[in-house]
Amino acid sequence: MDQQRKFPDPGTIQRLVAEAEAEVTSENSAVRIVAGPGGQIKEIDLRLEAFGMSGVELGEMIVETLNAAHAEVERELAATISRETGLAIAPEDLSGDMPDAGPSQEEQR
Amino acid sequence: MTDRPDPQEMMARLEQMQREAEATMRKYEELRAEMGADAVEAYSEDGLVRVRLDADGKVAEIHIDESAMRQRQSLGRVVHAVIDEAVATHAVKMADMAQALVGDKIDVMALMNEHMPPEMRERARDNLGRRD
C-alpha cells in the first residue's frame with residue numbers, strides 16, 4: 001500500500017493533466033481566457049468592453065489575463081496532483097521553465 | 001574476489017559525467033545566443049496583430065494595431081491564431097537547437113513533425129527565416 005502511495009499510477013497523473021483547465025476573466029470583463037496545462041490556450045473571448053479600449057491596452061490586458069489563467073491552471077493542477085497522489089507538488093514544478101544550471105565546476109573552485 | 005566498485009573509479013566516472021553535462025550546457029548557451037532565442041514573433045496575415053514570445057516560449061507582448069479594433073467578430077480568433085503560430089515558431093526553433101545538441105543520435109525534427117501540421121511548420125519556418 002505504501003509503495004502505491006509513493007509511486008502513483010502514471011495514468012492517473014496523465015488524466016489529471018489532460019483534464020486540467022482554468023477560466024479567468026479580466027477585472028473589467030473585457031477578456032475571458034480558458035487555459036490548459038503547459039501553456040495551452042483553449043479559448044480567447046473578447047467581450048464588448050474590449051472594443052472600448054485602445055489596441056495597446058487590449059494587448060496588454062490579454063497578456064495579463066493569459067498569465068493569470070496559466071498560473072491558475074498550474075496552481076489547481078499542483079493542488080489536485082498533491083491531493084490525489086500524496087506527492088508534494090508546487091505550481092512552479094509545473095511551469096516548464098528551464099532550470100537554473102547553477103555554477104559550473106570551474107566556478108565552484 | 002569481490003565485484004564491489006572501486007570508489008576512485010566511481011568518483012572519476014561521476015566527474016566525467018559532470019564535465020559532459022557542463023559541456024552540453026555550454027553548447028546549449030552558445031546555440032541559444034547564436035540563434036537569438038530571445039525573440040520569436042508572429043504576425044497576422046494582414047500584419048495588424050503581432051505576438052512576441054520570451055525565451056521560455058511564453059507570451060511577452062501582444063500588439064494590436066488600432067485599425068484591427070474594428071474586427072469585432074474575429075479579433076479574438078485572430079489573436080489566438082497568431083499566438084498558436086508564435087508558439088509553433090518557438091517549438092521549431094527549440095527543435096533546431098535540440099537537434100544541434102544531440103547530433104544524429106535522435107531525429108528530433110521527425111518527432112516534432114509528428115505533432116505539428118505541415119502548414120503550421122511551414123509558417124513557423126517562414127517566421128524564423130524572416131527574422132534571420
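Residues are numbered from 1 along each chain as its sequence is written, and chains are lettered from A and ligands numbered from 1 in the order in which they are written. In this predicted model, local features need pLDDT of at least 70 and side-chain atom pairs count only at pLDDT 80 or more, while totals for chains, interfaces and linings use all residues.

**View 1. The open sheet of chain A.** Three strands of chain A, in the order β1-β2-β3, form an open sheet with antiparallel pairing. Strands (E, at least two residues) and helices (H or I, at least four) are DSSP runs numbered from the N terminus, and two strands pair if DSSP finds at least two bridges between them. β1 (22-25) and β3 (41-46) of chain A stand at the edges with a single partner strand each, so one side of each has no neighbour in the sheet. From one strand to the next, the twist averages 10°.

View 2. β1(A) is joined by 4 bridges to the antiparallel strand β2 (residues 31-35) of chain A. A:E23 has A:V34 as its bridge partner in β2(A), and A:V24 has A:I33. Between the two strands of this hairpin are 5 residues, and A:S29 in the turn has a positive phi of about 70°.

**View 3. Helix α3 of chain A on the sheet.** Helix α3 (residues 55-85) of chain A lies across β1, β2 and β3 of chain A and runs at about 35° to β2(A). Axes are lines fitted to C-alpha atoms, for helices over the stretch in contact, and angles run from 0 to 180 degrees between N-to-C directions.

**View 4. Surroundings of A:I62.** Leaving aside neighbours within four places in sequence, A:I62 is in contact with A:V31, A:I44, B:I62 and B:V79. Contact means that the C-beta atoms of two residues, placed from the backbone, lie within 7 Å.

**View 5. The side of chain B that touches chain A.** The contact takes 18 residues from chain A and 21 residues from chain B. On the chain B side, α1 (7-35), β3 and α2 each supply at least two residues. The residues of this side are 9 nonpolar, 5 polar and 7 charged, where Ala, Val, Leu, Ile, Met, Phe, Trp, Tyr, Cys and Pro count as nonpolar, Asp, Glu, Lys and Arg as charged, and the others, Gly among them, as polar.
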